Amino acid sequence: MGFYGERVLPRFIDFVCGRQAHDGLRERVCAGLRGRVVEVGFGSGLNVPFYPAGVASVSAVEPADAGWALAAGRLARATVPVRRAGLDGQSLPFPDDSFESALSTWTLCTIPDVDIALREVRRVLVPGGTFHFVEHGLAPDTGVQGWQHRLTPVQRTLFGGCHLDRDIRGLIERAGFEIREADRFYEAGGPKFMAAMTLGVAVAP
C-alpha cells in the first residue's frame, strides 16, 4: 500500500470519518445486526460503540495495520468480541454461510473490484442473512453526477482509490442481493458531490 496508504491515509480517515456528525448514521446502519458479523473495511473501529446487543461476535476485515492500531482504545471498550480476521474484502477467508450479518460503512467506494467483494459478502452470509451498508456514491441529480465523474480521478489518487460515482444500490443488486430498504439522501454539511449517501439493508437469497 505504500507509506501514504499504510500510515498517513488511515489516520486522515479516522479523523474525517470520526466526526460526531456521522454517529447518527452509524447507529442507524448498525441497528439490526445480529449473531456473527463480518465487517468489511473495519478501519479504526469507529462502528464498535454502535454494535447492538444482538451481535455475538465481529470478524473485522481491514488491510491497514495503522487502522487496526488506531482501533485499540475502542476495542478495549467493546462489549462483544472483535478479531481481525482478514485483509482483503475481495477474498474473504471464511467458509460459505459463516455469518448472519455483514456491515460496510464508507468502504465500497475504495475496493478495486467491488463486484467480487460483494459476491464474497453474499457467499459468506447464511441464506436470509443481512448486509447493512452506508456508502457515499452516485448522486440522484445529473448535475452533481457530472461533477462526480470529473472529480473521481483526483479523488482516487488522493484518497486510496475512492470513487465518488459508484452506483451503490445497483452494485448491491447486481451481486444478487435483495434490497430490503434503502434511503438515498445528501448528508448535511458537505458538498453534494461527496455527500450523496445510500443507507440500507440488503438480504442474501
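Modeller: A residue is called buried when its relative accessible area is under 20%. The model discussed here is a predicted one.

Colleague: How many of the 7 residues of strand β2 are buried?

Modeller: Strand β2 covers residues 55–61. The strand is largely enclosed by the rest of the structure, because the number of its 7 residues that are buried is 5.

Colleague: Which strands pair with β2 in the parallel sense?

Modeller: Strand β1, residues 35–40, pairs with β2 in the parallel sense over 6 bridges, and valine 40 stands opposite valine 61 in β2. Another parallel pairing with β2 runs over 4 bridges, and there alanine 60 stands opposite arginine 84. The strands asked for are β1 and β3, residues 82–86.

Colleague: What percentage of the residues in the chain is buried?

Modeller: The chain has 8 helices and 7 strands. Of its 205 residues, the buried ones make up 50%.

Colleague: What share of the contacts with a separation of 6 or more comes from residues 24 or more positions apart?

Modeller: A contact means heavy atoms within 4.5 Å. Among the contacts in the chain with a separation of 6 or more, residues 24 or more positions apart account for 70%.

Colleague: How many bridges join β5 to β7, and how many join β6 to β7?

Modeller: β5 and β7 run antiparallel, with histidine 136 opposite methionine 197 in β7. β6 and β7 also pair in the antiparallel sense, with glutamate 181 opposite valine 201 in β7. The bridges number 7 for β5 and β7, and for β6 and β7 they number 8.

Colleague: Is histidine 136 buried or exposed?

Modeller: Histidine 136 is in strand β5. Leaving out residues up to four places away in sequence, histidine 136 touches Trp106, Cys109, Cys162, His163, Leu164, Ile168, Met194, Ala196 and Met197. Its relative accessibility is 9%, so histidine 136 counts as buried.

Colleague: At which residue does α6 bend?

Modeller: The bend is about 45°. Proline 153 follows the bend within four residues. The residue at the bend is leucine 151.

Colleague: What covers the buried residues of α6?

Modeller: The buried residues of α6 are Val144, Gln145, Gly146, Gln148, Thr152 and Gln155. What covers these residues includes β6 (178–186), α8 (192–195) and β7 (196–203).

Colleague: Which residue with a positive phi follows α6?

Modeller: The phi of this residue is near 65°. The residue is glycine 160.

Colleague: Which residues form one aromatic cluster?

Modeller: The count of aromatic pairs comes to 4. In one of them, the rings of phenylalanine 131 and phenylalanine 133 have centres 5.6 Å apart and planes at 35°, so the pair is tilted. Phenylalanine 131 and phenylalanine 177 also form a tilted pair, at 5.5 Å centre to centre and 35° between the planes. The cluster consists of Phe131, Phe133 and Phe177.

Colleague: How many residues apart are phenylalanine 131 and phenylalanine 177?

Modeller: Both phenylalanine 131 and phenylalanine 177 are buried. Phenylalanine 131 is in strand β5, and phenylalanine 177 is in the loop between α7 and β6. The pair links distant parts of the chain, and the separation is 46 residues.

Colleague: Over which rings do the charged ends of arginine 150 and lysine 192 sit?

Modeller: The charged end of arginine 150 is 4.5 Å from the centre of its ring. For lysine 192 the distance is 4.9 Å. The ring under arginine 150 belongs to tryptophan 147, and the ring under lysine 192 to tyrosine 186.

Definitions and conventions: Residues numbered from 1 in each chain as written. Predicted model: local features only at pLDDT ≥ 70, side-chain atom pairs only at ≥ 80, totals over all residues. Heavy atoms only, no water. Bend = angle between axes of the 7 residues up to and from the residue. Helix = DSSP H or I, 4+ residues; strand = E, 2+ residues; numbered from the N terminus. Buried < 20%, exposed > 50% of the residue type's maximum accessible area, 1.4 Å probe, protein only. Phe/Tyr/Trp six-rings, centres within 6.5 Å; stacked < 30°, edge-to-face > 60°. Lys NZ or Arg CZ within 6 Å of the ring centre and 35° of its normal. Pairing = 2+ DSSP bridges.
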